[in-house]
Amino acid sequence: MNQLHSFQAVPSTRNAFDAYSTLPEPPRPQSTHAPRAHTQQPIVTGTSVLGIKYEGGVMLAADNLASYGSLARFKDIQRLHPLGDNTCLAVAGDMSDFQYMTKLLDATLRADRSVSLTDTHPPFSPQNIYTYLSNLYYARRSKVNPLWNAILVGGWDKEKKESFLAYVDLLGTTYSAPTLATGIGAHIAQPLLREAYEAKAGVDGKGPLLTGQEAEELLDTCMKVLFYRDARSLNKYQIATISNDGVKISDSKSSETEWGFAEGLRGYGPQTQ
Amino acid sequence: MSSIGTGYDLSVSTYSPDGRLFQVEYAGKAVEAAGVAIGLRCSDGVVLGVERILHSKLLVKGANRRIQSLDDSIGLASAGLLADGVHLADRGRDEVWNFRETYNAPIPTQILADRLSMYVQAYTAYSSVRPFGVSSLVAGVDKTGPRLFCIEPSGVFYGYRGYAVGKGAVLARTELEKAVGKETEEGGVALTCREGVLEVARIIHLVHDDNKDKEFELEMTWISPESNMKHAVVPADLLAEADAKGKAALEEGMEED
Amino acid sequence: MALFAPPPMYADPTMAADKQHAFNPYSENGGSILAIAGADFTVIAGDTRQSEGYSIQTRYARKVWQLTDRCVIATNGFAADGNNFVKRIKQRLEWYEHAHQKQMSIKAIARLTQTMLYGNRFFPYFAYVILGGIDEDGTGAVYSFDPIGSYEREACRAAGAAQSLIQPFLDNQIYFRNQTPAPGAEPFVPGRLPLSTVLGLVIDSFTSATEREIAVGDGLELYVVMKKGRTTDDLVGSDNLIKNMQVQELGALGEGGSERTFLVSLPLKRD
C-alpha cells in the first residue's frame, strides 16, 4: 500500500531493542549531519475514517483507537470533532497533529464568535472550514513540514440547504464525493459504501439517498468489516450525524463479531502446520 | 481656567506637585461625558446594559454597539471614547487567546481584568501616549461564579456587585446600592438575571437626561442560564419588556413628583 | 582528489535509513487532458476522474477551468499542485484586470504561466499545464507546458496518464503524420479542421483512453472557445448532440470580448 495512506509506522530497522519492528520510529543515528527538523512520520496514529451523505445530512464514523506503532496505546480517543453548529471532522493519522489542528480551528471559531456580536456576518459554513483546512494542509506540505492527517469534513450548509462531504490530507490533496473513506478504509469500506449508495441513488446519484437508519446500518457494517481486516482498528467506534438540527455524536458502540471461522485457519487455531 | 494644569497636564508622564496625573483625570472626563454603562452581578449570572445615545437620526438602528464579547462567557461594556473601548476589547481577545493557548482553559474573569488593567496602566506611564478614555465593565462567569469588574483610565480595577460608569453614574450607583442592598440584608437573596435585566433597564431610563440627549437605544447583554451561560444579547422580547417597564417606571416616578 | 573525497551519502546506512522515511510531498492523481486548436476555435478537454494508485478518489474533480473570455486552462499531474496553481494564476489575472482594465491575452497568460512555473524551479508544481483559447488575431491557440515552465505554442497537445495513447493519434489526425496527400490534392495544414471533426477526435480519444488506461474515465468536460462572431450552429445544433451529452454556454467573465465559451459534458465509462 502507498506509504502516504497507511498510517502505520514504516517498517523500521530491526535491532536488539525492537526485534519485531513495533516501534513507530526507527532509532536515530548517534550523530547525523542532516538536519531533521520536521515531522517525517506519524507517531501516535488513528486508522481510517468513513463518511456518507444520506437523506438530510451526512454521517461520519471513526473508531476510538490511537495506536503507537502496532501497540493499541489509547483505547478511548474520540476522533470526531464538531466545529460550530453544522460541521464535523473525522480525522485519521497523527493524533498530536490532530490535536494541534483542532485547537487552531477551535480558537479561530471562538474568536469569530466573539467578534460576531459587534461585527455581524454569517457563521462559517462547512465549505469555509474545508477551504481553511485545505489551505492549511497544502501550506504545511509545501513547507515540507506536513500535518500528518487525512480528514473528512462533513457538514450541513444552512444557506444552501444541502449536505457537504469532502476530503483533505497531508499533501493538501482535496476531493469530494457522496461516500468517502481514508487509508485502508478506501480499499475495504469505500466499495461497500459506493455499492449501497448507488443501489438507491443510481450511478448518476440522482435517485433517492439512503435514509438515516440505512446509512447508520451501512456504517455499522463497514466498521465491522474494517475491524475484521484492519489490524490497527478497534471494535469501539462513534458515529457523527450532521443535519439541519446540528451535529450529534453518538456514544461509543461495538459490532457483534463472529470468530468461529478463524478456528480453521492456519496460524490462528490449535494446528501447527 | 488658567490655573488648570498649569503646565503639569502636558504629559501623562509628569506628576503635578500634589501628586496628580492630570491627563488621567481628563480621561475620566471623557468617561463622564459618555452614555451610562451599568453592570449588575446577579445570583445566576451577570447583566450588562448601556444607554447608547443616538447623536444623529442617520445612524443605523442597532449599529455601533458598545458591549463586546471577549470570550464565550465574558463581555465588556465601555463608557467613553468608543474606539478606545474597541481597542481594549481587541486586546482582551488576545489575552483570552493567550491564556487558553498557555493553559488550555478559559481565562478567569479576574485574571482577564487584571491583565487588561496592566495594559491600561501602561498608557499612564509614557509621554508618547495618552491614557485610555474609557472605563470598562468586564462581566464574566467562570468556575468561581458570576464576576463583575470595572477598569478605570488610571489602570485600577475593582470587583463589584453592581457598578455604573458614564453620565449619571452617581445616581445609577445609588439605585444599584438599593438593588444590591436586598442581597446583603439578613436572609436576602440577590436578583436573578431576569430580574437584573429589568432593574438595569429601569436605572438606565431613570438616569437618562431627556433634555440633553433626546434619543437613545437600550443595549443589553447577559451571561445567564437562559443564554446557556454564554455572553449573548438579551433576547428581543425580554429587552422590549425591560425597555417598556423602564419607561413606565420613569413616568410613574414623574407623576409622583 | 578521489582519495580525500567523502564517502557518498548512501554509503552511510543510518543516512540511508533516514532517506527511506523522507516525506514525499508529491502524488500523482491520474486522468488526462487534451487541447486542439482550430482556425477560429479551440477545444480543451479533461476527464473528471481523480485517482491515486488503484483507488478512485472521486468520479468528479475538475481539471479544466475557464480563466478569461478567451482562455481556458487544464492541469494534470498532482491535483493539489494543479488546483493551487490555478488559484494563483486566477489571482494574478484579477490583479492584471484591476491594473489594466482588460483581460490578459492568452499569449501573456502563457508567459505568466512559464514565469510562475519556473519560479518554483527548485520545488516544482508537479503539474502539466495546457492553455487553450483564442489569440489576439482571432485564431485558435494551444500552449503546452512542462512542470518547470518550458513551453511552446502548438496545434494540439495531450498530457497525463493517457498521453502516450492519445498524442500519437493526434499526431496522425491533426499533424497528418504518416499521411500523404492524394496526388494533385492540397497539402495538409494542421490546425484547420472543422469543429465537428475536432469534437469527434476529442471524444474518441477519451472513450478510447478510458478503455485502455485505468486512470482515465467517469466523465468528460470539454470546453470550446469560439472566436467573436463565429457561428455556433455546429455545436449547439441538435443534430450534433450525442447521447447524454450536455452543452451549456458559460457567461462572459469580462466586458470586452464577445468570444464565447461553451462547456460540453458527457459521461465516460466508470469501470
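Author: A salt bridge here is a side-chain nitrogen of Lys or Arg within 4 Å of a carboxyl oxygen of Asp or Glu. The model is predicted, and the side chains of A:Arg110 and B:Asp71 form such a bridge in it, with 4.0 Å from N to O. Between chain A and chain B the count is three salt bridges. By class, the side of chain A that touches chain B is made up of three charged, two polar and three nonpolar residues. Polar contacts between chain A and chain B number two residue pairs, both at pLDDT 80 or more.

The size of an interface is often given as the accessible area lost when the parts come together. For chain A and chain B the buried area is about 920 Å², and carbon and sulfur atoms account for 56% of it. On the chain A side, A:Arg110, A:Ser114 and A:Leu117 lose the most area to chain B, and together they make up 57% of what that side buries. Chain B brings 14 residues to the contact and chain A brings eight.

Next, the sheet in chain B. Five strands of chain B make an open sheet with antiparallel pairing, in the order β3-β4-β5-β6-β7. Its edges are β3 (67-71) and β7 (157-159) of chain B; each has a single partner strand, so one side of each lacks a neighbour in the sheet. From one strand to the next, the twist averages 25 degrees. Helix α2 (residues 82-103) of chain B packs on this sheet and touches β3, β4 (74-80) and β5 (134-142) of chain B, while its direction makes about 15 degrees with that of β3(B). Strand β6 (residues 145-151) of chain B runs antiparallel to β7(B) and is joined to it by three bridges. One bridge pairs B:Ile151 with B:Phe157 in β7(B).

Chain A has an open sheet of five strands as well, antiparallel in its pairing and ordered β11-β2-β3-β12-β13. Strands β11 (179-181) and β13 (246-249) of chain A are at the edges and pair on one side only. The twist in this sheet averages 15 degrees from one strand to the next. Six bridges hold strands β2 (residues 49-54) and β3 (residues 57-63) of chain A in antiparallel pairing, and A:Lys53 is opposite A:Val58 in β3(A). Helix α3 (residues 183-201) of chain A lies across β2 and β11 of chain A, at about 165 degrees to β11(A).

Technical notes: Residues numbered from 1 in each chain as written. Chains lettered and ligands numbered in written order. Predicted model: local features only at pLDDT ≥ 70, side-chain atom pairs only at ≥ 80, totals over all residues. Heavy atoms only, no water. Contact = heavy atoms within 4.5 Å. Buried area = accessible area lost by both parts, 1.4 Å probe. Polar contact = N/O pair within 3.5 Å; in protein donor to acceptor, adjacent residues only side chain to side chain. Nonpolar A, V, L, I, M, F, W, Y, C, P; charged D, E, K, R; others polar. Pairing = 2+ DSSP bridges. Helix = DSSP H or I, 4+ residues; strand = E, 2+ residues; numbered from the N terminus. Axes fitted to C-alpha atoms, helices over the stretch in contact; angles between N-to-C directions.
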